[in-house]
Amino acid sequence: MGVGIEVINLNAWYGTNHSLQDINLNIPGNQATALIGPSGCGKSTFVRCLNRMHETNPIARVTGTVRIGDVDIYADAKPVEIRRRVGMVFQRPNPFPTMSIYDNVAAGLKLNGYSNRRALDEIVEKSLRNSALWDEVKDDLRKKSGASLSGGQQQRLCIARALAVDPEVLLMDEPASALDPVSTSKIEDLIFQLKSQYTIVIVTHNMQQAARVAEKTGFFLNGRMVEFDSTHKIFTNPSDKRTEDYITGRFG
Amino acid sequence: MSSAPFALRSKLRTLADHGATAVAIFSTVLVIAPLVAIFIYLVYKGASSLNLDFFIKVPKPVGEAGGGMANAIVGSGILLGLASLIGVPIGIGGGIYLSEFGRGTKLANAVRFTADVLNGVPSIVMGIAAYSLVVVPMHHFSAFSGGVALGIMMIPTVCRTTEEMLLMVPNVVREAALGLGVPNWRSVMAITVKTASPGIITGCMLAFARVAGETAPLIFTAFGNSFWSTGLNQPIAALPLQIWVYAISPYDDWHRLAWAGALVLIILIVLAVSLVRYVTSRGVLKGAS
C-alpha cells in the first residue's frame, strides 16, 4: 500500500547552485501528485531527493527532512533500503540492454539476492500485467532483449521493473516525455490504475497530463515551490499570480 | 528557371558523394593491404615447411634436418595463459576503479597517467623489470618470469580499454540499477560491467594479441629452451623467441622453420581471438546493441 510523504525544509544543491530552497509539502498516500514547472525549476531534483538518488552525484548536497510513512529517510535509513521502498521511472526508458525482458523485470529482486524461481516467475508476470505489457511480451520473455522493444513498451517495462520490488511509492520523472501520444495515453491509464496501490509522484511538462492523472499538483519555479493544492484548484483558480501565468502559457 | 543551377548543384553533390565514398574505400584498402600482404607472404614462405613434425617434435640439434616447434607452441601457450592470469584481472580491476569508483580522484588520475606511461614503455624495459623483480631473486630464468613480464605489459591496455568501455555505458543504466535499491558494487558488477563486456573483451584480446608476438621481454626472462619443458620454474621456449633464434641463424633449414613458425604464430593468435569472441558472444540476446 502507498504511504504519505512529508517534506520539511528541504534544500538541495548541485555544487554551489542552490537548486531547491525550503520545500515544505505533504504528499498524500495512494494518490497521484503531479509536479509542474518550467525546465530547470527543480522538480526533477525534488523527486530525486525522495529516494536519495540526488546524492549519487558527487557534487550534490541535501539538507532537511523527508518522511516516507514513518521513516525519516535521511536520518533512519540507508539509501539502498529507501530505494527499494521508493521506485523510480526515468525520463528516457532505460532497460538493461544486455538482459532479456524477464531478467529486466526480475533484476531488482535477483540483484538483491532473491532466487526462488517459481516466486520470481509469478512476480514477473504480475508486474508485467500491472504495467499492461504482459500480453505484448509473454511469448518472448526470455528470447528478446529489453532494448529490442519499442520506446513505449520499454517505458512500461521499466515501470514493471520498478513494481517488481514491491515499492510503496513510485516516482516518475517525465515518464512520457519521450513517447508518442498512443504510448503516452497507455502510461496515463496505467498511472490511473496504479494509484490504488501506490503513492505516485509524477513530474511532467505536460499540463494536460497533470490535470488528467493527478489529484494534487505542485507548481515549482526557480527552485521554490510556489503553490501546492488540489489539481482542480491549481488549474481553475490558482491563488498565486505566477501559477496562473504559467498554466495560461504566459511563460515557461 | 531555377532548375538549371539546381541540376548543376545536384550533380556536384553527387560527385562529392562519390568522391567521399571512393576516399573511404581507398583508405580501407590501405588499412587492410599490409595485413593481407604479410599473411600471403608468410603462407608463401612458410607453408611448405609446415608438416606434422612441426607440431609434434622439438627442435633438432644443429646440422640435423627436420624437427619442429612443439615445445615453443606449448611454451607460448603457457606464457600467454600466465600473462592473461596476471594482466586481465588486474587490468579490468583497475579500469573498473578508474571509471566507477575513483572518478575525479587524485589516485585515479595517478593510476591513469601511470597506465598511459606504462603503455609507452619499450618492451625490452619490461623484460629488464621482470628480470630484476623475478629472475634475480630466483637466481635463474623461468617461464614464470616470462609470464610476469608479458602480464605487466597487458595491464595498461586492458585497464584503459576497460575504463573507456565503462564510460560509454550511459549513466541512465547505472541510475536504473541504483533506483531499484541495488547496492553500488553489485550494480557495477552485474549491470555496468556486463553491459560493457563486449568492449572489455575486445580490449583483453588486443592486449593478448599484442604480447603474443613479443620477443624482447622474453630474452632474459623465459630465455627459451630447445628441449621439452612445461615447468613454470624452468626456462621455457616461446614461438617468437624460437623464430628470432632461427631467423638470425646461418642455416637455410632454420630459416624455413622460422617462416613456418611466424605463420603458425599468426594463425594461433587469430584462432585464440576468434575462439574467445565466439564463446563470449553466445548467450548474448539479439537486439542488445
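**Notebook: strands, helices and a chain contact**

I started with a pair in chain A: A:Glu6 stands opposite A:Arg67 in strand 4 of chain A. Before going on, I noted that this is a predicted model, where local features need pLDDT of at least 70, side-chain atom pairs count only at pLDDT 80 or more, and totals for chains, interfaces and linings use all residues. Residues are numbered from 1 along each chain as its sequence is written, while chains are lettered from A and ligands numbered from 1 in the order in which they are written.

**Entry 1**

Strand 1 (residues 5-14) and strand 4 (residues 60-68) of chain A pair in the antiparallel sense over 8 bridges. Pairing here needs at least two DSSP bridges between two strands; strands are DSSP runs of E with at least two residues, helices are runs of H or I with at least four, and both are numbered from the N terminus. The open sheet has 4 strands in the order 2-1-4-5 (chain A), paired antiparallel. Strand 2 (17-27) and strand 5 (71-72) of chain A are its edges, each pairing on one side only.

**Entry 2: the six-strand sheet**

Next I found an open sheet of 6 strands in chain A, order 6-7-8-3-9-10, with mixed pairing. Strand 6 (86-89) and strand 10 of chain A each have a single partner strand at the edges, so one side of each is left without a neighbour in the sheet. From one strand to the next, the twist averages 15°. Angles run from 0 to 180 degrees between N-to-C directions, with axes fitted to C-alpha atoms, for helices over the stretch in contact.

I then checked what packs on this sheet. Helix 1 (residues 43-50) of chain A touches strands 3, 6, 7, 8 and 9 of chain A, and its direction makes about 150° with that of strand 8. Contact means C-beta atoms, placed from the backbone, within 7 Å. Helix 6 (residues 151-164) of chain A lies across strand 6 and strand 7 of chain A, at about 170° to strand 6.

**Entry 3: strand 9**

Is strand 9 of chain A enclosed or open? I found 6 of its 6 residues (216-221) buried, so it is largely enclosed by the rest of the structure. Buried means 20 or more other C-beta atoms, placed from the backbone, within 10 Å of a residue's own; 12 or fewer is exposed, and in between is partly exposed. In a regular strand the side chains alternate between the two faces of the sheet. Here A:Lys216, A:Gly218 and A:Phe220 are buried on one side, with A:Thr217, A:Phe219 and A:Leu221 buried on the other.

Strand 3 (residues 32-36) of chain A pairs with strand 9 of chain A in the parallel sense over 4 bridges, and A:Thr217 is the bridge partner of A:Ala34. Strand 10 (residues 224-230) of chain A runs antiparallel to strand 9 of chain A, joined by 6 bridges. A:Phe220 stands opposite A:Met225 there. In the hairpin, with 2 residues between the strands, A:Asn222 takes a positive phi near 50°.

**Entry 4: over to chain B**

I counted 26 residues from chain A and 22 residues from chain B in the contact. On the side of chain A that touches chain B, helix 2 of chain A gives the largest share, 4 residues.

Just after helix 7 of chain B, B:Gly181 takes a positive phi of about 80°.

Note on methods. Contact = placed C-beta atoms within 7 Å.
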